[in-house]
Amino acid sequence: MSENVIPLAVRAPARPAKSVSRDWRTVYALRLAITDFLVLVWVVFGVQFFWFGLDSADLSIRRTSLDLAVNYTAVSVVLILCWVLMLTIYGSRGYRVLGTGPDEYKLIANASLRLFGLLAIIAFLFKVDVARGYILIAFPIGVAVLVFARWMWRQWLGVQRERGTFSSTVLLVGSVHSATHLAEVLRSSTEAGYRVVGACVPRPAGLEHLPGTTVPVVGDFDELQAALALTGADTVVITSSDDLPAARIRELSWSLEPGRQHLVMAPALTDIGGPRIHARPVAGLPLIHVETPTYDGLKNFAKRSLDIVGSITLLALFSPLLIGIAALVSLTSVGPVIFRQERVGLNGEPFRMLKFRSMTVNADAQLVALLKAQGTIDQPLFKVANDPRFTKIGGFLRRYSLDELLQLFNVVKGDMSLVGPRPQRGGEVALYDSAATRRLFVKPGMSGLWQVSGRSNLSWEDSLRLDLYYVENWSFTGDIVILWRTFKAVFSSDGAI
């Protein structure tokens with residue numbers, strides 16, 4: 001090791017703030033198990049009381065040589081215990097699915113569905129005369145309340161992870177560039193539950209921290225065990241393997257303490273959604289298959305169906321609001337109520353986008369001068385800070401996205417979708433590079449990842465990254481999640497202008 005490298009003994013990387021951070025998986029899983037049990041007791045016995053009242057009710061088991069009657073209280077107890085067991089078997093409380101993503105909720109639904117499917121098979125085979133209403137009510141309510149309870153716990157877990165607890169403590173191993181990139185990603189995604197406490201990089205002479213971060217460099221690849229002991233890390237993340245041959249990585253995995261220390265490989269793939277990734281072991285070599293995104297077929301039909309049903313429903317619900325906004329625009333400023341502007345849509349085809357007018361009539365004529373004044377004329381995101389062109393109520397309409405409600409008619413027509421990349425002007429599209437052009441592979445949307453992740457506070461680079469992620473990984477379930485998050489983003493009004 002170079003004599004310029006700061007000795008491990010004198011470095012002071014952050015240690016876990018509390019002992020619970022090394023033990024958080026067990027602690028959190030136990031709390032979830034207790035909550036699941038209490039939820040199911042409340043739901044199952046609540047359904048029993050609702051369906052049968054206070055009267056004693058028996059479940060009949062009819063066989064040719066046997067006729068039994070079992071009290072439904074005993075049935076409820078067995079159902080609760082089996083439900084809790086099934087949630088455990090399906091790993092719904094595993095630390096890999098907690099805190100972020102939909103997998104935790106999917107496992108709850110799958111475990112519950114299989115439990116009640118198994119009960120139906122048993123009832124058929126053994127001729128058990130079970131009350132159908134009891135089952136049909138308990139199943140959906142149980143799943144809904146379980147998911148809601150997990151969502152509440154997830155909010156609490158997010159707060160704890162912001163504070164640096166209930167997270168895996170991570171030691172990054174790889175090149176300086178790859179380790180720095182991953183450190184920044186994990187820092188901005190605290191809800192994922194990875195807290196970086198150190199890094200081992202090749203030839204770290206004179207490098208005390210990863211560039212631009214506070215992550216301490218605690219040695220090179222020959223000092224991994226000492227670095228683990230010093231940092232207290234329970235997870236080793238290999239960010240690149242150029243300087244780590246397969247045999248060395250295998251030896252590293254053998255040296256980790258089973259059950260407490262974990263090894264994670266970070267492949268050189270970015271902005272790829274989970275459903276497109278499949279791991280397939282071949283002769284001991286884990287191959288990662290990345291599916292090519294598709295934009296047609298059944299998925300396209302489902303997306304269009306959601307657009308039609310959703311937009312017509314919202315138009316019916318918001319029709320009084322639309323009339324009120326139209327009246328306010330007409331009474332508070334001179335000019336037309338509806339603003340029509342050409343935007344670029346699917347495959348580069350132009351269309352006329354509808355909005356309530358929130359600016360003065362000559363607003364477009366002033367845009368170039370305003371962009372030049374703030375130095376953003378060469379960026380394909382034409383947004384003006386502290387825009388002076390708003391009418392009296394224009395700022396309010398824009399802040400709460402009320403001016404965009406008329407785009408529901410664009411969705412009905414098929415020019416736009418409820419969810420998709422931000423629709424942009426022809427002048428903005430003219431500044432696209434080859435990567436940005438991929439935004440045009442799907443219809444532009446009223447909402448999107450850009451809106452639920454910061455809206456206009458985002459830079460062009462961040463907006464493009466989110467839009468490209470959506471284009472590469474869009475799904476029906478993803479659209480539902482984005483629409484749900486849109487309501488929160490709109491009502492928070494943060495970054496709308």
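In this predicted model, the largest nonpolar core is made up of 27 residues, and Ile325 and Tyr470 are the ones with the most contacts inside it. Take Ile325 as an example. Setting aside its neighbours within four places in sequence, Ile325 touches Phe356, Leu397, Leu402 and Leu405. There is also a second, separate core, this one with 24 residues, including Val44, Phe52, Tyr72 and Leu146.

Next comes a sheet. Four strands line up in the order β5-β4-β6-β7, giving an open sheet with parallel pairing. At its edges sit β5 (194-200) and β7 (262-265), each of which pairs on one side only. Going from one strand to the next, the twist averages 30°. As a reminder, strands of a sheet pair through backbone hydrogen bonds, in either a parallel or an antiparallel way. Zooming in on one pairing, strand β4 (residues 168-173) and strand β6 (residues 235-238) run parallel and are joined by four bridges. One of the residues involved is Leu172, whose bridge partner in β6 is Val237.

Side chains of opposite charge can pair when their charged atoms come close. The structure has 14 salt bridges. In one of them, Arg150 meets Glu104, with the closest N and O atoms 2.9 Å apart. This pair links distant parts of the chain, as Arg150 belongs to helix α4 (residues 132-162) and Glu104 to helix α3 (residues 103-125), 46 residues apart. Both Arg150 and Glu104 are buried.

Another salt bridge runs between Asp479 and Lys303, where the closest N and O atoms are 2.7 Å apart. Asp479 is in helix α15 (residues 476-492) and Lys303 is in helix α8, so this pair ties together parts that are 176 residues apart in sequence. Asp479 and Lys303 are both buried. Lys413 pairs with Asp415, and here the closest N and O atoms are 3.7 Å apart. Lys413 is exposed because its relative accessible area, 65%, is over the 50% cut-off.

Finally, the cysteines. The structure holds zero disulfides. Cys200 counts as buried because its relative accessibility is 0%, which is under 20%. Cys82, in turn, is partly exposed, since its relative accessible area of 32% falls between the 20% and 50% limits.

Methods
Residues numbered from 1 in each chain as written. Predicted model: local features only at pLDDT ≥ 70, side-chain atom pairs only at ≥ 80, totals over all residues. Heavy atoms only, no water. Pairing = 2+ DSSP bridges. Helix = DSSP H or I, 4+ residues; strand = E, 2+ residues; numbered from the N terminus. Axes fitted to C-alpha atoms, helices over the stretch in contact; angles between N-to-C directions. Disulfide = S-S within 2.5 Å. Buried < 20%, exposed > 50% of the residue type's maximum accessible area, 1.4 Å probe, protein only. Core = buried A, V, L, I, M, F, W, Y, C linked by side-chain atoms within 4.5 Å. Contact = heavy atoms within 4.5 Å. Salt bridge = Lys/Arg side-chain N within 4 Å of Asp/Glu carboxyl O.
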